[in-house]
Amino acid sequence: AKTKRSYIVNKITALEKDKRKLYKLGVFKKVKIYLVEKIAGGGVIVSVSGSDIIIGKKVAEKIEVSQC
């Protein structure tokens with residue numbers, strides 16, 4: 001069974017085009033996200049508002065979170 005750890009997004013330092021994509025997917029400052037799975041190569045699958053999304057390594061590294 002996979003455990004979902006919850007996090008709050010503190011800051012996103014990605015490029016503007018990537019920030020816009022994340023915003024459209026519901027990932028922005030102060031939003032709670034759940035880590036579903038880490039993917040080989042550094043990407044992650046996160047759950048946001050009930051939807052699972054895949055975020056690549058380069059963008060994921062630009063999302064600063066704190067565990068809640």
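I began with Y23 and looked up its relative accessibility: at 56%, Y23 counts as exposed (over 50% is exposed, under 20% buried, and in between partly exposed, with a 1.4 Å probe and protein chains only). The model I am reading is predicted, so I noted that local features need pLDDT of at least 70, side-chain atom pairs count only at pLDDT 80 or more, and totals for chains, interfaces and linings use all residues. Residues are numbered from 1 along each chain as its sequence is written, and side-chain values use heavy atoms, without hydrogens and water.

Next I looked for aromatic pairs, and my search of the whole structure found 1. Y23 and F28 form this pair, which is tilted, with 4.9 Å centre to centre and 40 degrees between the planes. For the terms, I wrote down that ring centres of Phe, Tyr and Trp (its six-membered ring) must lie within 6.5 Å, with planes under 30 degrees apart stacked, over 60 edge-to-face and the rest tilted. F28 has 33% relative accessibility and so counts as partly exposed.

Then I turned to the whole chain. I found 2 helices and 5 strands, in the order β-α-β-β-β-α-β along the sequence. Helices here are DSSP runs of H or I with at least four residues, and strands are runs of E with at least two, numbered from the N terminus.

I also checked burial: 35% of the 68 residues count as buried.

My last entry is on contacts, meaning heavy atoms within 4.5 Å. Among those between residues at least 6 apart in sequence, 51% join residues at least 24 apart.
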